[in-house]
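Try each task yourself before you read its solution.

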Amino acid sequence: MKGFQREDLSFSLCGLNCALCPMKLDGHCPGCGGGTGNQSCKIARCSLEHGGAAYCFQCGEYPCGMCGGIDRFDSFITHQRQLADMEKAREMGPERYGAELEEKERILRFLLENFNDGRRKTLFCVGVNLLELEALWEISAQLANLEVDSLPLKEKGAYAARLFQEAAGRQGLDLKLRRKK
């Protein structure tokens, strides 16, 4: 959107964890306010009209009608925790939340480089987005203890996927994108 630029391209204005999105990871999207290639966005327009808040929660009118239902369906990235993550960033502060998001991105890149057999990318992106950092550290520790060089990629991917599904089950989560019907 013309005139809309942001410094933080990892966490969007409306609470999406862009750093964990497959479109951004593959270089197809610059992130919210990242310049050329980003789509016109009603929330970005709203930000410009309300003084250029970097995050919706910094606006004096937050929460507003723009937030209603934004977390009901997913796109390329899960929106399931969009409002909760925005609230978490508000409580922690953008810098601390950004540091947590960087750690999640590091874990996601590790998974994609070492355990993605071509069929696990969405699962890993959704899982890293939804699971708490402590659960991700636990999964990473289990994967680090795995004799990775001795297993075929398909088996490594299946093992990692099983760890994610088990962790999600303990938290009552479903690691699938929720598409609008």
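**Exercise 1.** Where is the place of Ala19, and is Ala19 buried or exposed?

*Solution.* Start with the location: in this predicted model, Ala19 sits in the segment before α1 (22-25). Next, check the accessibility. Ala19 has a relative accessible area of 5%, and buried means under 20%, so Ala19 is buried.

**Exercise 2.** Find what Ala19 touches, not counting residues up to four places away in sequence.

*Solution.* Look around Ala19 and you'll meet Ser10, Lys24, Leu25, Leu101 and Glu105. Now jump to Gly98: it is 79 residues from Ala19 in sequence, yet the C-alpha to C-alpha distance is 9.8 Å.

**Exercise 3.** How many aromatic pairs does a search of the whole structure find, and how do Tyr55 and Phe57 pair?

*Solution.* The search turns up five aromatic pairs. For Tyr55 and Phe57, the centres are 5.3 Å apart and the planes make an angle of 5°. Planes under 30 degrees apart count as stacked, so this pair is stacked. Both Tyr55 and Phe57 are buried.

**Exercise 4.** Describe the pair formed by Phe124 and Phe164, then say which helices hold the two residues.

*Solution.* Step one is the geometry: 5.5 Å centre to centre and 50° between the planes, which makes the pair tilted. Step two is the location. Phe124 belongs to helix α5 (residues 121-130) and Phe164 to helix α7 (residues 153-171), 40 residues apart, so the pair links distant parts of the chain. Step three is burial: Phe124 is buried at a relative accessible area of 0%, and Phe164 is buried too, at 1%.

**Exercise 5.** Which residues touch the most other members of the largest nonpolar core, and which elements give two or more residues to this core?

*Solution.* The core has 49 residues, and the ones touching the most other members are Leu108, Leu111, Phe124 and Phe164. The elements giving two or more residues are α2 (42-49), α3 (82-92), α4 (94-115), α5, α6 (133-144) and α7. The largest share, seven residues, comes from α4. Now take Phe164: leaving out residues up to four places away in sequence, its contacts include Leu111, Phe124, Val128 and Ile139.

**Exercise 6.** What lies over the face of Phe115?

*Solution.* Look above the ring and you'll find Lys156, at 5.9 Å from the ring centre.

How values were computed
Residues are numbered from 1 along each chain as its sequence is written. This is a predicted model: local features need pLDDT of at least 70, side-chain atom pairs count only at pLDDT 80 or more; totals for chains, interfaces and linings use all residues. Side-chain values use heavy atoms; hydrogens and water are left out. Rings of Phe, Tyr and Trp (its six-membered ring) pair if their centres lie within 6.5 Å; planes under 30 degrees apart count as stacked, over 60 as edge-to-face and the rest as tilted. Buried means under 20% relative accessible area, exposed over 50%, partly exposed in between (1.4 Å probe, protein chains only). Helices (H or I, at least four residues) and strands (E, at least two) are DSSP runs, numbered from the N terminus. A charge sits over a ring if NZ of Lys or CZ of Arg is within 6 Å of the ring centre and within 35 degrees of the ring normal. A nonpolar core is a set of buried Ala, Val, Leu, Ile, Met, Phe, Trp, Tyr and Cys residues joined through side-chain atoms within 4.5 Å. Contact means heavy atoms within 4.5 Å.
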